[in-house]
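Please examine the sequence and the three-dimensional structure shown below. The paragraphs that follow proceed from one chain to the other.

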Amino acid sequence: MATAVMTSLDTKSRSAPRGMSDIRIRNLFIIPTILFLIVFNIFPLIYSLGYSFTDFRASSNAPASFVGLQNYRALLNDPFIWLNFAITAKYVIISVTGQVIVGFGTAMLLNRDIPLKGLLTTLLLLPMMLSMAVVGLFWKLLYDPSFGIINYTFGLGSFEWLSNPDMALYAVAITDIWMWSPFVMLLSLAGLSAVPKHLYEAAAIDRAGPFYTFFRITLPLVAPILMIAVIFRTMEAFKTFDLAYILTSQPTTEVISIRLYKMAFQEWQTGRSCALAYIVLIMVLAITNIYVKYLNKVKER
Amino acid sequence: MTQIELRGIQKYFGAVQVIKDLNLAIADNEFIVLLGQSGCGKTTTLRAVAGLETIDEGDILIDGQPVQHIKASDRDIAMVFQSFSLYPHMTVYENIAFPLRATRMGRNDVDTSVREIAGVLRITGLLARKPSALSGGDMQRVAIGRALVRRPKAMLMDEPIGALDAKLREEMRAEIKRLHIKQGSTTIYVTHDQVEAMSLADRIVIMHEGILQQVGSPDEVYSHPANMFVAQFVGSPVMNMAPAIVSETGGHASVQVGGQPKGFEFPAALANRLADARAENGKLTLGVRPEGVLISRAAREGFMPVKAHIIEPLGSHDIVDLKVGDHMIRARTKSGFVPGAGEAVWARIDPAQAHFFNSATGSSLGIRL
């Protein structure tokens, strides 16, 4: 079927008189994309895999020499790298949990007939559309101990959000929650509105209370789409760089991608940082895989 | 032991009034069928009893207690939906157990109840399946099981077998009847299918445009329709209706139909009875079911010559269209009684099966000869 569509062009199509076949049109669209992908993604990916086995430094002219698994061994034995991973894990858990609670809660509130629902939803989506760097810069102002509006609103005096090492990671997570809850909300809203209304009626007839209905009907039926939101947000949170980098430079907020950036472009340990990048990639893949397995199980139900 | 009473129910959707002053008393253990075309307000009535729809005026009483301000979950009424509304992520077992678990019933009691009802409905073998793996009939059984399992005060059914194919519908109809006899609970059943209504109901409630037309046993509704709507809605093929003029000639009454000078012969008493009913002549409608039209193949006393127009052979019987003046009257005959279209036959109308209606108001004149 698909090949038939590909090889023969509909004679009524506008491209037919120009002598373009379907294959030519297809190539016209696909080849630039594939080229782009190879040059900017696949080539660096493979090239950096090579570097990860060398002691190459981009800052010196010395030729790279092969060191085998030495970079990986050193990284995995480095307690500071593990600390970075622990910070990242903590950040991921706080940030994603917060986003799910806030996002799903907002979606529940919006999933009913209220006036201006469309406008309200669009407005709530705005944080998601801003640039990470811009969000980081103005939240820095909001958090400011002397003139920040957050301390002013909550009467916290000169509470230090970003320069307090215990608080800084939470501050970054709160910003991330503010920015990305709308994403969870949007997907949850799609999931919620897909639950047929008659199931709620059946549950009411079956004498189920609101909590029982929520945990036995709503949540299980929205779970698959909510899982997709969680997968996306976990991957993103794991890779967080911009927000944390702009907001604060505490050692307690040095998530793995900041460590990676410093290693690569401040310490110029190009070979070793390539190895670290690969370790991160494998971890993200592993976590995503667990989620996807779980998602498939949920979908089966 | 559940009686349901509806008193002066009024319901509006915006400016449209969908239920107009509905009064109905349902006795304990009674099987009531709400019958009507789509949009007649029957489903809205049912949903109002269930508590899924509010009413604007009137009282809904369950066992004498007004419930119109009580939530659906507190009315202790079970409902079977047309779309089945099974929970797609739960197994059949979990679906049936849901209403019991929702009220925190003990695990063992739940298990006993679910297995018992599954046995009654013959779905024990399906308990581990998901609804998506069931056939339409089995889904319906599960939906009924979920409704019955907690022994509700009353059962409401909204076209429960409307989504099934014809053969299965007949099967499930018998099943629902069997269950009702066995379990015995007050039941309100909504349908637009008059055959379903006739075969299931203790009493049929016929609704049209939000107004209750007639309440009665299937036989009563069939034999003594209260008005032209009921007369034509119940029964298949539909009752013949024709504007009629009644006159008296030679010791008997004559009912002219379709502008034909010669009329059908009726007992002389008809004229008096019409006068008693204060029917204006010329604004009468004669109604007769196809089986009330008697046909002879030879000229007979009191029979009128007519022409057979179309014959529909239906196996068990034939439906013959007779041309009377410019009007068609359908008659029911034995199979093959009239050999072919165009055949001349003689017809008369059984006075005992004739109905007379006021053409203007549509209501029956209540004349039984």
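Within chain A, residues 24 or more positions apart account for 71% of the contacts with a separation of 6 or more, two residues being in contact if their C-beta atoms, placed from the backbone, lie within 7 Å. The model is predicted: local features need pLDDT of at least 70 and side-chain atom pairs count only at pLDDT 80 or more, whereas totals for chains, interfaces and linings use all residues. Residues are numbered from 1 along each chain as its sequence is written, while chains are lettered from A and ligands numbered from 1 in the order in which they are written.

The secondary structure of chain A consists of 13 helices and zero strands; helices (H or I, at least four residues) and strands (E, at least two) are DSSP runs, numbered from the N terminus. The radius of gyration of chain A is 25 Å, well over the 19 Å that the globule rule gives for 301 residues, so chain A is more spread out than a compact globule. This radius is taken over C-alpha atoms, and the globule rule is 2.2 Å times the number of residues to the power 0.38. The C-alpha trace of chain A spans about 75 × 75 × 35 Å along its principal axes. Of its 301 residues, 29% count as buried. A residue is buried if 20 or more other C-beta atoms lie within 10 Å of its own, exposed if 12 or fewer, and partly exposed in between.

Because it has 18 C-beta neighbours inside 10 Å, Ile81(A) counts as partly exposed. Leaving aside residues up to four places away in sequence, Ile81(A) touches Leu75(A) and Arg259(A). From C-alpha to C-alpha, Ile81(A) and Thr218(A) are 41 Å apart in space, and they are 137 residues apart in sequence.

Chain B is divided into domain 1 (4-226) and domain 2 (240-358), with bounds that come from an automatic or database domain assignment. The C-alpha centres of these two domains of chain B lie 41 Å apart. Strand S9 (residues 203-208) of chain B runs antiparallel to strand S10 (residues 211-216) of chain B, and five bridges join them; strands pair if DSSP finds at least two bridges between them. Val205(B) stands opposite Val215(B) in S10(B). Two residues lie between S9(B) and S10(B) in this hairpin, and Glu209(B) in the turn has a positive phi of about 50 degrees.

Strand S17 (residues 317-324) of chain B and strand S18 (residues 327-334) of chain B pair in the antiparallel sense over eight bridges. Leu322(B) has Ile329(B) in S18(B) as its bridge partner. The hairpin of S17(B) and S18(B) has two residues between the strands, and Gly325(B) in the turn has a positive phi of about 60 degrees.

Where do the chains meet? In all, 15 residues of chain B are in contact with 14 residues of chain A. Strand S6 (77-80) and helix H2 (92-102) of chain B are the elements that give two or more residues to the side of chain B that touches chain A. H2(B) gives the most to that side, with three residues.
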